[in-house]
Amino acid sequence: MGAFITGIIAFVLSTTQHRNDRKKAKVAREFEMLKEVAEKTESFNNVALRYWSLYSDWRRRLILDSSVPKSNILLDAQHDLFNSFSELTTAESLLLLFGYSEASVSLRLYGETVIAFRKRVASLDIPFDENDAASYRESMIDKRAQLFQILNEIYKTI
């Protein structure tokens, strides 16, 4: 009888320990995912703000001299921005995989804000001044902050 009771207790303890281990592993995976999303977003943000700075400056100089060509640094920034969208796509995929659709939408809106800026500065037919540049930068920073607020809320609930 004692062996039977010991066996049941061992089974219950083993099951509980296994459940706790799985929960710890899930928390660790979600934490790593959030960390990766944050890193990819920050990497993209650095590229986007560099692009914003260089293109805003170029558009300001175009007002004074319409023959100012794009510098190689500016062209590199354009190329880097295009390539860095893969970081954002990967981050969005991770959020969707883990079921965080609100964060995914927020990340997408942030990316769309950067795309809107890119389209605006690329079109020389549309006027663009310092107020426009400041407005786009503020919008990009706000969208990024909103995303990180959502990620912080997710982190708190893990």
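Which residues have the most contacts inside the largest nonpolar core?

1. In this predicted model, the largest nonpolar core comprises 35 residues, and those with the most contacts inside it are Phe44, Leu95, Ala103, Tyr110, Val114, Phe117 and Leu151. At least two core residues come from each of helix H1 (2–64), helix H2 (72–97), helix H3 (101–122) and helix H4 (130–157). H1 provides the largest share, 11 residues.

2. Apart from neighbours within four places in sequence, tyrosine 110 is in contact with Thr41, Phe44, Asn45, Ala48, Leu88, Met140, Lys143 and Arg144.

3. The axes of H2 and H3 cross at roughly 165° and come within 9 Å. Angles over 145 degrees count as roughly antiparallel, and H2 and H3 are therefore roughly antiparallel to each other. Their crossing is left-handed. On the H2 side the contact includes Leu81, Phe85, Leu88 and Leu95, and on the H3 side it includes Ala103, Leu107, Tyr110 and Val114. The residues of the contact of H2 with H3 divide into 11 nonpolar, two polar and three charged.

4. For H3 and H4, the axes come within 9 Å and cross at roughly 165°, which makes H3 roughly antiparallel to H4. The crossing of H3 and H4 is left-handed. Among the contributors from H3 are Ala103, Tyr110, Val114, Phe117 and Arg120, while those from H4 include Asp132, Met140, Lys143, Arg144 and Leu151. By class, the residues of the contact of H3 with H4 are 13 nonpolar, four polar and five charged.

5. Tyr110 of H3 takes part in the contact with H2 and also in the contact with H4.

Conventions: Residues numbered from 1 in each chain as written. Predicted model: local features only at pLDDT ≥ 70, side-chain atom pairs only at ≥ 80, totals over all residues. Heavy atoms only, no water. Core = buried A, V, L, I, M, F, W, Y, C linked by side-chain atoms within 4.5 Å. Buried < 20%, exposed > 50% of the residue type's maximum accessible area, 1.4 Å probe, protein only. Helix = DSSP H or I, 4+ residues; strand = E, 2+ residues; numbered from the N terminus. Contact = heavy atoms within 4.5 Å. Axes fitted to C-alpha atoms, helices over the stretch in contact; angles between N-to-C directions. Parallel < 35°, antiparallel > 145°, perpendicular 65-115°, else oblique. Left-handed = near helix turned anticlockwise from the far one by under 90°. Nonpolar A, V, L, I, M, F, W, Y, C, P; charged D, E, K, R; others polar.
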